[in-house]
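Student: I am new to this structure and would like to go through it with you step by step. Could we look at it together?

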Amino acid sequence: MVTSASSIGPSVLSHIYNYVLHEADVFVRSTWRDWLSTPIPGTIFILGSLTYLPFEESIFNSAITVLNLTIYIYFFNTWTQYTSVEEDRINKPDRPIPAEITTPGGAKRRGMVLTALWCGFAIYRPDLIIETCILIISTITLGMNNLGRHWFVKNTICMSVMTWGFLSAPRKLMGASLPNTSNHLLAIAVWVGLVAHSQDFRDVEGDKETGSWTLPMALGDGNARLLFAFGCIPFGYMTLWYNDMAQLAPWLLAGLHVLVSYRFMTMRNKKADHASYMWILKTFCIMCGLSSLEAARLISPERPLEMAVSYLFSGWEEVSNLGPGNSVSSRILQDICLDGGLAHDTKYGGAADAP
């Protein structure tokens, strides 16, 4: 009996090891394209909360939040890929089902488990019920309903409300009430609904085969690019400005919007369109970072990022002159960002402005 048990042990461990590797492979293949659109910006969006929480609470809440974002992206991708196999065979053949890493039946079983886990967060935190319902309804609309193939429903409606939902939940999970959260959520959600059309320029071939009615399919490639570059992008920036978010880094965000418009108008091939879409995602991450920086009181519309960086470098020499271990160094750095430079205040022994 002992010999039998010892011989079975390694085979069981090997089976478990292979199973874990397989599931990890399925997870990565299902989600890696969307890390820059969901878990990474969602994590960046909560960083400002850390300045309001005790260390132990911030660690626990951060872990729960990252788990929430991970389950959500896996849940969403599993169901939408389960219903878009033919499109993925053309546009994204490395995904689990077209790559034959798993079967539609296996994807369905994972989707049911992930749905239970996702709904479990609403039980764990009842204040997430609205966000949970919004994201489930949007997933059903995009993955299991022909309405989700229309550009207006897919991008303008679903992408907007989904962005609000998956960014709202993390800040609630962090447990810190941050200033301007509502304005930032609205601004970013509307912005995403306007610029999400950028993902459809690279996927035209697959959309033709599946009958998806995206903006390039509806208007033609040239007209769609004109509308996107001179309509969606400017209106997106105006939305950020109206909600006091563009003012946090006006020149940086304006430059990124101009860059994206320029790329979509001048670089018209699948590889370039994908790179341009990645610039959209990077801008999205930067916007989430700006929101966290404002929450941490490091920047504001009156003291945008460009000004804060300028003050930081201009005041660095003054901080260095204090020497290592000086107790006011970090406080001076904060005032550099918040008060506009050392010369504006004398409470740390600096010289006041001349009248």
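Student: In which helix is Thr78 found?

Tutor: This is a predicted model, in which local features need pLDDT of at least 70, side-chain atom pairs count only at pLDDT 80 or more, and totals for chains, interfaces and linings use all residues. Residues are numbered from 1 along each chain as its sequence is written, and side-chain values use heavy atoms, with hydrogens and water left out. Helices are DSSP runs of H or I with at least four residues, numbered from the N terminus. The run that covers residues 55-82 holds Thr78, and this run is helix α3.

Student: Is Thr78 buried or exposed?

Tutor: Buried means under 20% relative accessible area and exposed means over 50%, with partly exposed in between, using a 1.4 Å probe and protein chains only. Because its relative accessibility is 6%, Thr78 counts as buried.

Student: Which residues is Thr78 in contact with, leaving aside its neighbours within four places in sequence?

Tutor: Contact means heavy atoms within 4.5 Å. With those neighbours set aside, the residues in contact with Thr78 are Ala107, Arg110, Gly111 and Leu114.

Student: What percentage of the residues of the chain count as buried?

Tutor: The chain has 15 helices and 0 strands. Of its 355 residues, the share that counts as buried is 46%.

Terms used
Helix = DSSP H or I, 4+ residues; strand = E, 2+ residues; numbered from the N terminus.
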